[in-house]
Amino acid sequence: MTDAQRQRFDSLIEQGSFYEAEQMCTALYHRLQRSGKKQEAFDLLLYGARQLAKGEQFQCAFVLLDKAQEYMKKQYFSEESFSQVLNLLGTTFPNHLKPKVTLLNKLEKLASEKHCSEDIVHKLHKFQAETCIGMEDYRRALSYYSFLNDTQLYTSILEQWMSEGLYSEEDLFVTRQILCLLAQGKRTMAKEVFKLCLQKHDNLNSSPLIGFIYLLLECLERNLFSSLESLIAIYKSVFDRDANLWKLLHEAIDYSKKHR
């Protein structure tokens, strides 16, 4: 983008002609792309998206960022370019916007296809988790924090989710997430999260479900699978509070058996 073109683009935004500014940026992008000026074409999309986002014209900005994502997917990928898009998306756009979730999901697929480094994937999952929290989708946020192995943040978000539910169901929240972690093979993280929750919520110690989780963790730690059937029979009634608990429990046990 020449200085004159940049001034024209910025002028359109100042005038409130946001769609025209987006169209101008798109036309210049295609022109640079056809000329083989890949870096300039990519930088142009990011500049346009950043300027539109500053004016809170997020819809137009997302159009340009989506083009940048497609450009990386088809012909201009590097971890540096990926990180640039991710940083702009993660730090400039509010977390409650649905298009942000959609674009992050596309980037997650792209990261998988291009076999991105662990650092890039961790940064991506962190932004995805924060976006899910902005959308109040705590279940998905926790799934991303489990990938990151961030016990403190995982527990913090779980407690935030618990605070928005019923006091009488706090043990259900904890039980579900401990079983989810066990089903993913994250036994150490499950034990740490469980310990932190019990330290901060004394009332949980009187719950039969929590008592079961304590015994379950002990059995899995010692590979006492033969004792699990009797244990499950004793606690069957408390598991009937939530039908999903049975599914999660069997997934957790199956994983532990396969990887003992």
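Tutor: Let's begin with burial: a residue is buried under 20% relative accessible area, exposed over 50%, and partly exposed in between (1.4 Å probe, protein chains only). This is a predicted model, where local features need pLDDT of at least 70 and side-chain atom pairs count only at pLDDT 80 or more, while totals for chains, interfaces and linings use all residues. Residues are numbered from 1 along each chain as its sequence is written, and side-chain values use heavy atoms, leaving out hydrogens and water.

Student: Why is aspartate 66 called partly exposed?

Tutor: Its relative accessible area is 25%, which lies between the 20% and 50% cut-offs, so aspartate 66 is partly exposed.

Student: What makes lysine 106 and aspartate 66 a salt bridge?

Tutor: A salt bridge needs a side-chain nitrogen of Lys or Arg within 4 Å of a carboxyl oxygen of Asp or Glu. Here the N to O distance is 3.0 Å, so the pair qualifies. Lysine 106 sits in helix α6 (residues 98–113) and aspartate 66 in helix α4 (residues 58–74), so the bridge ties together parts 40 residues apart in sequence. Helices here are DSSP runs (H or I, at least four residues), numbered from the N terminus.

Student: How do you know that arginine 176 and aspartate 242 form a salt bridge?

Tutor: Their closest N and O atoms are 2.8 Å apart, so they meet the rule. Both arginine 176 and aspartate 242 are buried.

Student: How many salt bridges does this rule give?

Tutor: The count comes to 11.

Terms used
Helix = DSSP H or I, 4+ residues; strand = E, 2+ residues; numbered from the N terminus.
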